[in-house]
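Biologist: I would like to learn how to read a protein model. Please take one feature at a time.

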Amino acid sequence: MLTIGLTGGIGSGKSTVSALFEGFNVPVIDADIIAHQLVSKGQPTLKILAQTFGTEIINVDNALNRARLKQIIFSNAQKKKQLENILHPLIYQQIERQQQRLKAAYCIISIPLLIETAKTEFIDRILVVDCALEIQIARIKQRDKLNDVDIDAIIASQASREERLAVADDVIDNSTRTLQLRPQVEKLHTLYLLLSSTQDTLICE
Ligand code: ADP
């Protein structure tokens with residue numbers, strides 16, 4: 001199946017673009033949702049995290065204390081890496097499982113840190129949602145109610161706009177109004193359908 005890796009910085013518009021693809025009945029696998037599910041109450045991954053980072057990261061109701069975990073990894077690169085080493089393989093494993101169950105011409109896999117984790121061997125094309133930094137910041141502020149320092153720290157921890165654009169096969173410009181996203185998604189949808197049929201032909205030959 002043709003696999004499109006959708007990526008972009010925080011607040012660039014990945015979820016908005018994903019919803020538009022879903023509007024064309026394209027299945028979307030979301031790495032963010034998988035990551036949340038993996039550490040939800042009662043999941044074995046939560047136990048592993050508690051063993052690794054201490055039971056202080058678990059609330060009295062047995063749910064993950066995200067703020068505490070964030071604090072622990074924020075200023076400690078080694079612990080951040082440790083967390084990634086636990087979560088990333090599990091996330092990719094789950095992506096693969098979900099994809100195997102799909103029946104579609106192509107699918108979108110939304111992975112915020114696709115470029116940072118450099119795991120692109122199962123992706124046929126990289127689709128980047130792009131917008132100017134000031135617009136990205138304004139949208140995050142409005143959506144997440146974060147302060148400037150926190151927003152800067154998150155953006156600094158992600159790949160730069162230039163790094164993303166350098167590896168993009170396709171780009172959606174989300175600098176203007178949401179209304180202008182749909183025609184771009186529609187154009188790519190047509191392209192991906194065409195590419196998936198070519199891929200099928202090549203496999204059959
Ligand atoms: P991501 O999934 O990349 O973090 P979202 O799709 O959630 O980004 O978009 C971030 C915020 O900006 C959301 O509140 C969304 O509704 C808003 N947004 C996205 N695209 C536009 C746009 N073109 N115009 C105005 N607001 C937008």
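The dialogue below goes through the sheet, a helix pair, the salt bridges and one arginine.

Modeller: Keep in mind from the outset that this is a predicted model.

Biologist: How many bridges join β4 and β5?

Modeller: Strand β4, which covers residues 125–130, pairs with β5 in the parallel sense over 4 bridges. Within this part of the sheet, Asp 130 stands opposite Asp 173 of β5.

Biologist: Now the helices. At what angle do α4 and α5 pack?

Modeller: For a helix pair, read the angle and the distance between the axes together. Helix α4 runs over residues 66–74 and helix α5 over residues 77–100; they pack at about 125°, and their axes are 6 Å apart. Because of this angle, α4 is oblique to α5. The label follows from the cut-offs: 65 to 115 degrees would be roughly perpendicular, and over 145 would be roughly antiparallel.

Biologist: Which residues meet where α4 and α5 pack?

Modeller: On the α4 side they are Leu 69, Ile 72 and Ile 73, and these meet Lys 79, Lys 80 and Leu 83 of α5. Sorted by class, the contact has 4 nonpolar residues, 2 charged ones and no polar ones.

Biologist: Next, charged side chains. What is the general idea of a salt bridge?

Modeller: Side chains of opposite charge can pair when their charged atoms come close. In this model the count is 8 salt bridges. One of them joins Arg 125 to Asp 170, with 2.9 Å between the closest N and O atoms.

Biologist: Which parts of the chain does the pair of Arg 125 and Asp 170 tie together?

Modeller: Arg 125 is in strand β4 and Asp 170 is in strand β5, so the pair links parts that lie 45 residues apart in sequence.

Biologist: Is Asp 170 buried or exposed?

Modeller: Compare its relative accessible area with the cut-off for buried, which is under 20%. Asp 170 has 8%, so it is buried.

Biologist: What does a pair with partly exposed partners look like?

Modeller: Take Lys 141 and Asp 148, whose salt bridge has its closest N and O atoms 2.8 Å apart. Lys 141 is partly exposed at 36% relative accessibility, and Asp 148 is partly exposed at 42%.

Biologist: How far apart are Glu 186 and Arg 182 in helix α10?

Modeller: They are 4 residues apart in α10 (residues 181–204), which means a separation of about one helical turn. Glu 186 is partly exposed at 37%, as is Arg 182 at 43%. Elsewhere, salt bridges with shared partners join Lys 80, Lys 81 and Glu 84 into one network.

Biologist: Last, a single residue. Which residues is Arg 66 in contact with, leaving aside its neighbours within four places in sequence?

Modeller: Arg 66, in helix α4, is in contact with His 36 and Val 39. Arg 66 is partly exposed, with a relative accessible area of 39%.

Notes: Residues numbered from 1 in each chain as written. Predicted model: local features only at pLDDT ≥ 70, side-chain atom pairs only at ≥ 80, totals over all residues. Heavy atoms only, no water. Axes fitted to C-alpha atoms, helices over the stretch in contact; angles between N-to-C directions. Helix = DSSP H or I, 4+ residues; strand = E, 2+ residues; numbered from the N terminus. Parallel < 35°, antiparallel > 145°, perpendicular 65-115°, else oblique. Contact = heavy atoms within 4.5 Å. Nonpolar A, V, L, I, M, F, W, Y, C, P; charged D, E, K, R; others polar. Pairing = 2+ DSSP bridges. Salt bridge = Lys/Arg side-chain N within 4 Å of Asp/Glu carboxyl O. Buried < 20%, exposed > 50% of the residue type's maximum accessible area, 1.4 Å probe, protein only.
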